[in-house]
Amino acid sequence: MQTITITGGQTLRGTIRPAAAKNSVLPLLAATLLCSGPCCLRSAPELSDVDTSLALLQAVGAKTVRHGPDLCTLPVSAQELCGEIPAPLAGAMRSSVFYLAPLLCRTGAVRLPLPGGCRLGPRPVDIHLAGLAAMGARVELEGDAVTLRRFGPLQGVDFTLRLPSVGATMTLIMAACCAMGTTVLRGVACEPEVCDLVHFLRSCGAQITGEGTPVLVVQGRRALGGVTYQPMPDRIAASTYGAAVAAAGGQITVTDCAPAYYRAFLQFLQECGVEIFWQEQAATLYRDPTVPLRGGRHLYANAWPAFATDTAPLAAAVLLQAEGASEIYDHLFANRFACAAGFAAMGAACTVRGRMLQIAGSAHLEAAEVQAPDLRGGAALLVAALAAEGTTILRDPGHIRRGYADLPAELAGLGAQCAVQRQRVPG
Ligand code: EPZ
């Protein structure tokens with residue numbers, strides 16, 4: 001059993017570069033199934049969700065190779081692929097849903113036990129299914145699994161998403177690439193990771209316009225070849241480093257990640273009193289640890305370009321010690337703030353009211369034994385522990401490994417006292 005120990009009170013200093021974005025790499029790996037040539041994703045991070053994706057690709061008959069930091073997939077014929085997604089892999093991550101469209105297109109039928117992932121509240125897949133049904137797929141829901149079949153090619157449609165789901169937008173872009181004729185997708189997500197999927201598919205030969213706007217137009221059935229592609233940097237990891245220096249104090253430079261990708265988070269840190277020097281591809285952040293942070297913030301997490309939901313727990317970790325009461329409302333997920341129990345164990349006064357987290361501020365944080373409830377909540381507890389007196393023990397760090405290759409080592413590289421401990425289980 002592993003834990004992370006964090007001894008607070010060390011200021012951070014140094015330069016750090018975020019890895020390629022998990023939320024790009026995972027859909028891109030699924031999209032490689034549509035390509036008739038080899039695909040290489042440069043510098044793909046070694047995350048447990050990436051490992052799960054590779055296991056899933058292999059389970060459905062795809063061929064994958066790691067060349068050092070790059071992840072490559074080799075083309076396979078439709079006969080070599082199967083559309084049966086094993087339940088343990090589907091249940092291990094939400095991103096198993098990205099395999100619905102490519103496997104339906106390639107094999108004619110796909111069965112997905114309903115996907116797992118962070119328990120952030122209800123996470124239905126109705127928009128994915130409604131869009132695929134509109135393109136002609138037959139959808140059968142049976143128990144905890146969904147089976148999709150097509151009889152002939154999918155058909156291009158004019159489809160409006162009932163809300164701008166990131167995952168459903170990605171599913172429908174992939175399906176539209178295989179559909180006959182033109183597909184118009186309205187009310188789509190505009191997140192940078194959606195744009196990254198479009199850029200990847202376009203490099204493979206797809207004809208797609210409108211990324212970054214609410215309307216996407218896809219001309220289907222273009223031959224998709226292979227490509228070597230550098231996925232975008234991880235803007236949530238970049239925000240995590242920013243939160244860490246805000247909590248602990250010090251000066252760091254985050255390189256190779258355009259501040260425009262996480263502008264809302266940087267602006268929030270600035271409002272709290274962190275000094276930020278913005279460049280095109282880097283940001284330098286400075287916080288004097290002897291000067292209290294400014295609280296009194298009212299944040300509203302929502303779809304891009306608003307404040308990102310994945311950064312809401314990180315913002316909370318920063319605001320615990322800031323002067324003045326703050327509130328964070330998450331419009332997207334009902335259970336975003338499961339980390340509040342850990343914050344409270346460290347001595348913070350904070351209360352979850354529905355989708356809102358209320359933070360009294362001015363907390364003197366003290367070390368505690370806390371549990372990572374989910375990926376970003378776990379990272380937020382680690383950030384809070386950097387500012388706590390004494391040595392915090394963070395249990396269940398496996399959640400954090402789903403999205404950060406080695407966050408404790410990265411923070412230790414910046415001067416934090418933070419390490420992974422392997423504990424013996426008695427007996
Ligand atoms: C992606 O999840 C990210 N995951 C999440 O990051 C991120 O929090 C989220 O987008 C929002 O930015 C990946 O990219 C792998 P959604 P996704 O579909 O695609 C509802 C992290 O920590 N909805 O945009 O699942 C849904 O319940 C993870 O890295 C439906 O109702 O998010 C939610 O309330 C956590 N029906 C809202 O939409 C659907 O069919 C937004 O979800 C689909 C979604």
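How do the residues of the shell around the ligand divide into nonpolar, polar and charged? Here are my notes.

1. The shell residues split into ten nonpolar, six polar and eight charged. Nonpolar means Ala, Val, Leu, Ile, Met, Phe, Trp, Tyr, Cys and Pro, charged means Asp, Glu, Lys and Arg, and the others, Gly among them, count as polar.

2. Keep in mind that this is a predicted model, where local features need pLDDT of at least 70 and side-chain atom pairs count only at pLDDT 80 or more, while totals for chains, interfaces and linings use all residues. Residues are numbered from 1 along each chain as its sequence is written, and side-chain values use heavy atoms, with hydrogens and water left out.

3. Of the 24 residues around the ligand, Asp126, Ser165, Val166, Asp310 and Leu332 come nearest (near means a heavy atom within 4 Å).

4. Now for the polar contacts (pairs of N or O atoms within 3.5 Å). An oxygen atom of the ligand is 2.5 Å from a polar backbone atom of Leu332. For side-chain N or O atoms, a ligand oxygen is 2.8 Å from one in Arg162 and 3.1 Å from one in Arg94. The protein covers 93% of the 820 Å² of accessible area that the ligand has on its own (Shrake-Rupley method, 1.4 Å probe).

5. Which helices supply at least two shell residues each? They are α1 (22-31), α5 (126-134), α6 (166-178) and α12 (375-386), and α5 gives the most, with three. Helices here are DSSP runs of H or I with at least four residues, and strands are E runs of at least two, numbered from the N terminus.

6. Domain 1 (2-19 + 233-422) and domain 2 (22-229) each give the shell at least three residues; the bounds come from an automatic or database domain assignment.

7. Two backbone spots to look at: the peptide bond from Trp304 to Pro305 is cis, with omega near 10°, and Pro305 lies in the loop between β17 (298-301) and α10 (312-319). Ser43 has a positive phi of about 50° although it is not a glycine, and Ser43 lies in the loop between β3 (39-41) and α2 (48-59).

Conventions:
Polar contact = N/O pair within 3.5 Å; in protein donor to acceptor, adjacent residues only side chain to side chain.
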